Amino acid sequence: MSDDEVTLEFPDEVVTATHVRYVTLPGVAGPIALVTLDNGLDHTRPSTFGPAGLRGILTAVDEIEAHQPPVAAIAVTGKPFIFAVGADLAFRSSITDPAAVRPALEALGRLGHEAFVRLGSGRLGERRVPTFALVNGAVLGGGLELALHCDYRALSSGIPMLALPEVFLGLVPAWGGSQLLPNLVGPQRAIKIILDNPLSQNRMLKGPQAFELGLGDVLLEPADFLEEALTWVGQVLRGEIDPVAARTPVERGAAWAAAISAGHELADGRLHGAAPAPYRALDLIALAETATRADGFEAETQALADLSVSGELVAGLYAFDLVQKRARRPVGGPDPALARPVTKVGVVGAGLMASQLALVFAHRLEVPVVLTDLDATRLDAGVAAVHREIDNLLLRRRITADQAGRYKANVTGSLTKDAFADADLVIEAVFEDLSIKQKVFAELEAVVSPQTVLLTNTSALSVSEMATHLAHPERVAGLHFFNPVAVLPLVEVVRAERTDDATVATTLAVAKALKKNAVLVADRPAFVVNRLLTRFLGEVLAAAEQGTPLDEVDHALDPLGLPMSPLTLLALVGPPVALHVAETLHTAFPDRFREPSSLARLVEAGKGGIYTAGPDGTQTIDPEAAAALRAAVAAGGTSTSAANGSGSNGGGGGGSGGSTVAPSAAEVREAALRALAEEIHLMLAEKVVAEAPDIDLCMILGAGWPFHLGGITPYLDRTGVSEAVTGERFTPPGVATLPV
């Protein structure tokens, strides 16, 4: 079936129009065709490309070709704050005829290439004119690929997001990006943008960062950007400057091969072969060194068609939809109009977590923040730590000098809680002990107003029990951040037994103002993320108890392509925190979460994890940590030498020990997944969250569960684990899975 025979229409396409106007520049013979991409909506609905929009580009170039007098150049820009953000992601679900899926996808790939080449090449009949991309705002995916097709690029320093995020979703840049970018900035930088950034939780570049990487020829301030960009266009056309001469030459041969090899190491280290898109992207970047554009573009089209019928893309689009839509509108929350204003915040404690909380409140809410502590030395250190981080934000140009001064003035300390008398919200970040937290809340209630919202950052304890003895327990809720606070996007908003709607609404509104994604959870032990991770880790440590070598245990989950191994995660969380959560869950559910004696021994030994750095800097298993994990495994346990990091331990929070037969890596993986399926089934029965997608969202944003798996519940459905363990699916067929 040829492209001409394929009917390519997206019924729900929001069409991005291609508007053309003609401007004259001093000293330039002929007008400039100024093309503006605009879908007619405000900046909250970025311009995307579907079939109708791509055909609109071709029609616009026909108009430009026919214009009299002939144009001297073409320049393309976007609507306010947005250049363009790529393909309309509805394309996959819009192709409903199974027999037409692949031909339609190939037609879409070729149509995108045709439109971008036609505009970017500047070929108007028998003549060719220079083309310029004036990138005024957010530019992602196909939008960036369109800019790469142009001869020259001006970037605004105010660009908030610039990326090729396709690999994050399970695709590849397929409208020229994989071929044009490496030949512009070199394969090493191209791999950073196409592979490394998407695999790093979809990291985005800002305008200045993109300019430093060579994506732009000039960096201009956002004020009067278009006027300044057109002035620059005139300078280029008059021959006053030559942007091409200023570009860094691209090394080929051995340097190109070395970059591709490093890219494979990167992909293997992150995914262990679990997802196809990164490897297809590397193949395309390798091809870009020698292929003609026609051959390279056709290879992109074939990769698009292959990956678009894969389970990974369906899973990735499901996860993307969760993060982009569900995360922004928490399910089960009360009327947002009930939220109270927050004009001052108190933080109880001045340690590491408390100072992180104070920083994010001062930075995002821009209100006075007061920390308290019983010790002047700790208090002064906590305030100083916040001030240092504000200086770091200034150094990294994340804030202005004026903002830095205001934030520092807003962050103060007090040795008494009287400083909270006029606070609208107070959050405690003290030691994880229920009696201590109850005492803190009692002291707070004596000094704050009855309307002040009282929050706890507890990772596992009962929020309801913290509020038991208060006169106003209805204004107590949990706001559980994940460490590091400034980086991880999830907060679990915990509704206790007597928390009222106004408190929940205020807490959700604050989470949104902090630029965090909130999931509303019930007050159950360890909530969602920590409960599942502890069950998961318990199975891993249980396998070590039964004699599976620690290095084998730690890599048993590699085929899933998780962002880090379980024991690396343990080191990141910290054994003391993991121990506290595991003890809480053991008390609540002793049948599934065993006494975490192995973690207790690790903490007692003062170990931050099971790995240590070897003499050459490589990561090796710490024999002392391995010995601590298995020290109390006594009768019937299998023991091997600490040198190879294997042996037995006393369990970490779950699993079934007792067997002297060491499970294989595959058996460890199966046990961990079955435990997760069981725990999720129970959590949904307990109504810890509203629906299974909320658990998926928590694990994606709070634990880095990869997009290519599409959330934990669809993955368990897709692999048959959920039905094998619980007798039913978590999600209907076709949700994050290919239709049967």
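**Figure 1. The loop that holds His-272 in the predicted model.** His-272 lies in the loop between α10 (254–271) and α11 (277–287). This view, like those that follow, is taken from a predicted model. Although His-272 is not a glycine, its phi is positive, at about 55°. With a relative accessibility of 35%, His-272 counts as partly exposed, because that class covers the values between the 20% limit for buried residues and the 50% limit for exposed ones.

**Figure 2. The loop that holds Asn-202.** The residue shown is found between α7 (187–199) and α8 (207–212), in the loop that joins these helices. Asn-202 is not a glycine, yet it has a positive phi of about 60°. Its relative accessibility is 14%, and Asn-202 therefore counts as buried, the cut-off being under 20%.

**Figure 3. The chain as a whole, given as context for the close-up views.** The chain has 29 helices and 21 strands. Its radius of gyration is 28 Å, close to the 27 Å given by the globule rule for 740 residues, so the chain is as compact as a globular protein of that length. The C-alpha trace spans about 85 × 60 × 50 Å along its principal axes. Of the 740 residues in the chain, 55% are buried. Among the contacts with a separation of 6 or more, 74% are made by residues 24 or more positions apart. The accessible surface of the chain comes to about 29600 Å², and carbon and sulfur atoms account for 54% of this surface.

**Figure 4. The packing of helix α3 against helix α12.** Helix α3 comprises residues 101–121 and helix α12 residues 293–308; the two pack at an angle of about 145°, with their axes 9 Å apart. Their crossing is right-handed. On the side of α3, the residues that meet α12 are Arg-102, Leu-105, Glu-106, Gly-109, Arg-110, His-113 and Val-117. On the side of α12, the partners are Phe-297, Glu-298, Glu-300, Thr-301, Gln-302, Leu-304, Ala-305, Asp-306 and Ser-308. The residues of this contact between α3 and α12 divide into five nonpolar, five polar and six charged.

Figure 5. Leu-134 belongs to strand β7, which runs over residues 131–135. The residue is buried, and its relative accessible area is 0%. Arg-203 is 69 residues from Leu-134 along the chain, and a distance of 23 Å separates the C-alpha atoms of the two residues.

Figure 6. Strand β16 covers residues 453–456 and includes Thr-456. Thr-456 is buried, with a relative accessible area of 0%. Apart from neighbours within four places in sequence, the residues in contact with Thr-456 are Ile-427, Glu-428, Lys-437, Phe-441, Val-463, Met-466, Ala-477, Gly-478, Leu-479 and His-480.

Figure 7. The peptide bond from Gln-68 to Pro-69 is cis, with omega near -5°. Pro-69 is found in the loop between α1 (51–66) and β3 (73–78). A cis peptide bond also links Asn-483 to Pro-484, where omega is near 5°. Pro-484 is placed in the loop that connects β17 (476–481) with β18 (490–495).

Figure 8. Ala-66 is placed in helix α1. At 57% relative accessibility, Ala-66 counts as exposed, because the limit for that class is over 50%. Ala-66 and Leu-124 are separated by 58 residues in sequence, while their C-alpha atoms are 8.5 Å apart in space. Gly-40 is found in the loop between β2 (32–38) and α1. Its relative accessibility is 63%, and Gly-40 likewise counts as exposed. Gly-40 and Thr-16 lie 24 residues apart in sequence and 7.5 Å apart in space, taken from C-alpha to C-alpha.

Conventions:
Residues numbered from 1 in each chain as written. Predicted model: local features only at pLDDT ≥ 70, side-chain atom pairs only at ≥ 80, totals over all residues. Heavy atoms only, no water. Axes fitted to C-alpha atoms, helices over the stretch in contact; angles between N-to-C directions. Helix = DSSP H or I, 4+ residues; strand = E, 2+ residues; numbered from the N terminus. Left-handed = near helix turned anticlockwise from the far one by under 90°. Contact = heavy atoms within 4.5 Å. Nonpolar A, V, L, I, M, F, W, Y, C, P; charged D, E, K, R; others polar. Rg over C-alpha atoms; globule rule 2.2 N^0.38 Å. Buried < 20%, exposed > 50% of the residue type's maximum accessible area, 1.4 Å probe, protein only. Areas by Shrake-Rupley, 256 points an atom, 1.4 Å probe, with all protein chains shown as cover.
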